[in-house]
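Thanks for coming. I will talk through one structure, starting inside one chain and then moving to its neighbour.

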Amino acid sequence: MDLYQQLILDHSKRPVNAGLREPFQAEVHHVNPTCGDEITLRVHVDGDVIDDVSYDSQGCSISVASASILAEEVTGHDLGEVRETFAAMKSMLTSKGEDPGDEEVIGDGVALAGVAKYPARVKCALLSWMALSDALARSGHQIDTDPDGGTR
Amino acid sequence: MPSAPFSEEEVAAIRADFPILARTVRDDRPLVYLDSGATSQKPRQVLDAERDWYERLNAAPHRGAHALSEEGTEAYEAARATIAAFIGARSDEVVFTKNATEAINLVAYAFSNASQKPTNSELSVDQPRQELTNSELSVDRFVLGPGDEVVVTEMEHHANLIPWQELCRRTGATLRWLDVTEDGRLDLSHLHDIVNERTKVLAFAHQSNVLGTINPVDQLVSRAREVGALTVLDACQSVPHMGVDVHALGVDFAAFSGHKMLGPMGIGVLWGRAELLDAMPVFLTGGSMIETVTMEGATYAPVPQKFEAGVPNAAQAIGLAAACDYLTDLGMDRVAAHEHALAERLLTALATRPWVRVVGPTDLTDRGGAVSFVVDGVHAHDVGQVLDAAGVAVRVGHHCAWPLHRTMKAAATTRASFAAYNTASEVDALVAALDTVPQVFGLEVA
């Protein structure tokens, strides 16, 4: 199946930087009520840079892999870059397969491109990204420039 | 003699009545539909009955005196009689709702409304009195407050849990529940303690939508009667799959949905003992449920009309009656035997795969045709995706029974559920697709 690329399986089995750590400025808990995927996610921002994203992700391979890719692509990056990565992930995942994703911007995130063709799974892949956006908002940083767009 | 499952020829003939079963999915694979527990497919006879309503009879039932309205009313009430007969009930005990969820809420809100302190003494003193004219029972039967208890089970679908949680929140009553054992049966060892003289309602599933467990209605009803509690049966997973006689079961209320029993979406049934329905306060109010109306207040029509506010889903009611006729023609004993045989085939196959854990009873005693399982190390969503790629439609997730999944130590399960139109080879197709799961996710299996 095109959905389960090796990269996704690797990330879901060995999620990058998994676990909850201190210090953090905001912690959020998001769930996907249709299937019970859950994530607790913490962020720590130092100046303009997200210096730690720590998380506990329980759920399907897509949701865990997506959280792992998020940790990889976001940690150590400044808010401007994260805004761009977030927008690119969200665009790809909600494109119904039209947007293949740009590896330059989202790295391993491109492995999740296949998810966009399965509407029931899009929320699994978006879960950690929406949690990140929420956690950053709670610590005073907005990264979602189109909060009502594309997630339904 | 026990009834026999349908032969291959018989199933082929049944399947020919269901146009959707001929379609393909995911790169032209034949559809293997094993999700009837969520919603069943509909035979042409049901679709034709709905179409016939709109082409020949469409008018608002119980309104107007023109020919269409008369014929439409007659057809709508005939549908009620058919559905009532299907469950061994009287016509005036069958209330149409949009689904079982609404039916259960109707009962919960009847308790709630009976329990509410009057804020306008003139109206609230009059109303119950007028409602009681035909009834031996008093509306007091439905009054709940602090100190009273409502009992459910840990295996309930959210539809038979949350309405009771909310009722308790509104009235100050206490919610209690019967636990579920590791093998997916109700734990009745504390039945006498949990269902006691403070219990006013005992609400439980006839058959679990996740575990497939068929609960011991006799035992539960007899304890409820000892303490004077009313029983509410969630019959969503029993009425479509086995012969059900509500009076023989001895429960006070039963709720089920049309769309799970080959009928249309948008129609459900609340069955209640006539004298209880008569005494119960109304839920949804408005047109056609009234007797007289003044600017100050209203009196209400007899049951079942007093619970059917607004223009009803008449076409759907007629479609559901056609579904009952269809199931009656098949024979509910044979439907049950057929689904039982399919469940046995699946459970036998799963038993030889140690990497699969069945969530629910693995023996076939008091067990229906819903089979839920987990693949260790693979989330149910991922299992379902692999099955879907092979054209096999199953349900994944917590199936609206989140507390039960917590108890059974499964975040989510994969569920196969059957109907009369399913075949043994469809079970085999499910198992064959399931066998590819360990390889896709790199599991080491023996």
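**Chain B, inside and out**

Over residues 140-430 of chain B, the chain is 33% helix and 20% strand, and its end C-alpha atoms lie 52 Å apart. Please keep in mind that this is a predicted model. That stretch comes from UniProt, where an unreviewed entry places "domain: Aminotransferase class V" at residues 32-118 and 140-430 of chain B.

How much area do the two domains bury between them? About 2800 Å², with 55% of it on carbon and sulfur atoms. On the domain 1 side, B:Met332, B:Cys400 and B:Leu404 supply 21% of the buried area, more than any other three residues.

Across this interface there is one salt bridge. B:Arg185 and B:Asp363 form a salt bridge, with the closest N and O atoms 3.4 Å apart. On the domain 1 side, the largest share, five residues, comes from α14(B).

Now the neighbour. The contact takes 16 residues from chain B and 19 residues from chain A, and the buried area is about 1300 Å². The count of salt bridges between the chains is one: B:Asp382 meets A:Arg121, at 2.9 Å from N to O. Helix α13 of chain B, residues 380-389, gives the largest share of the chain B side, six residues.

Terms used:
Residues numbered from 1 in each chain as written. Chains lettered and ligands numbered in written order. Predicted model: local features only at pLDDT ≥ 70, side-chain atom pairs only at ≥ 80, totals over all residues. Heavy atoms only, no water. Contact = heavy atoms within 4.5 Å. Buried area = accessible area lost by both parts, 1.4 Å probe. Salt bridge = Lys/Arg side-chain N within 4 Å of Asp/Glu carboxyl O. Helix = DSSP H or I, 4+ residues; strand = E, 2+ residues; numbered from the N terminus. UniProt positions renumbered as here; feature names shortened; annotations may be inferred.
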